[in-house]
Amino acid sequence: MNAVESREFRDICERAGLAVTHQRQVLFEVLKSMHGHPSPEEVYARVKRRIPSISLATVYKNIHLFLESGIFREVSLHHGSLRVETNSKPHHHLVCTSCKAIFDIDADDLGLSEKTGTLPGGFLAQRYAVDVLGLCAACQQKIS
């Protein structure tokens with residue numbers, strides 16, 4: 001992590017009210033470098049290469065702190081396991097019901113537009129997260 005990225009991490013922690021620790025910094029760096037929607041176990045495997053003494057419980061605890069403070073987002077509560085959203089740009093997800101792979105898709109590619117303001121029933125939308133469930137190309141090939 002260069003000096004600018006290190007300062008960015010310190011600023012993020014300060015805004016979130018989190019203490020800056022070496023473990024959190026490594027975890028943040030690993031998450032930022034991972035593409036897709038990693039599980040805590042996948043993150044743990046990478047972090048453990050840099051901090052061999054770290055526990056899976058510590059990784060889970062800090063991922064939850066990052067999620068609660070808004071540093072990262074959880075992909076969806078509906079997939080059965082925690083997945084971290086590392087893509088900060090607005091998008092939606094294609095979810096394979098067979099292999100559980102999750103792919104990002106731009107809202108324009110789905111033909112969706114986000115309504116601003118209050119929705120029916122007085123519901124105030126904070127962000128839109130659409131999951132399209134189906135079969136990925138690889139799983140379709142398996143059943144053909």
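The side chain of Thr86 reaches the backbone oxygen of Gly36 at 3.3 Å. This is a predicted model, in which local features need pLDDT of at least 70, side-chain atom pairs count only at pLDDT 80 or more, and totals for chains, interfaces and linings use all residues. Residues are numbered from 1 along each chain as its sequence is written, and side-chain values use heavy atoms, with hydrogens and water left out.

**Thr86**

The side chain of Thr86 also reaches the backbone oxygen of Met34, at 3.2 Å.

| Side chain | Backbone oxygen | Distance |
|---|---|---|
| Thr86 | Met34 | 3.2 Å |
| Thr86 | Gly36 | 3.3 Å |

Thr86 sits in the loop between strand E2 (84–85) and strand E3 (92–96). Strands are DSSP runs of E, at least two residues, and helices are runs of H or I, at least four; both are numbered from the N terminus. Beyond its neighbours within four places in sequence, Thr86 contacts Leu31, Met34, His35, Gly36, Pro38 and Phe72 (heavy atoms within 4.5 Å).

**Largest pocket**

The largest pocket has a volume of about 310 Å³. Of its 15 lining residues, Lys32, Gly70, Ile71, Phe72 and Ser88 are the closest to its centre. A pocket is an open set of points on a 1 Å grid where a 1.4 Å probe fits, with protein on both sides within 12 Å along at least five of seven lines; lining residues have an atom within 4 Å of a point. The volume is the space filled by probe spheres set on the points.

Helix H1 (3–16) and helix H2 (22–33) each supply at least two lining residues. H1 gives the most, with four. By class, the lining has five nonpolar, five polar and five charged residues; Gly counts as polar, and Asp, Glu, Lys and Arg as charged.

How values were computed:
Polar contact = N/O pair within 3.5 Å; in protein donor to acceptor, adjacent residues only side chain to side chain.
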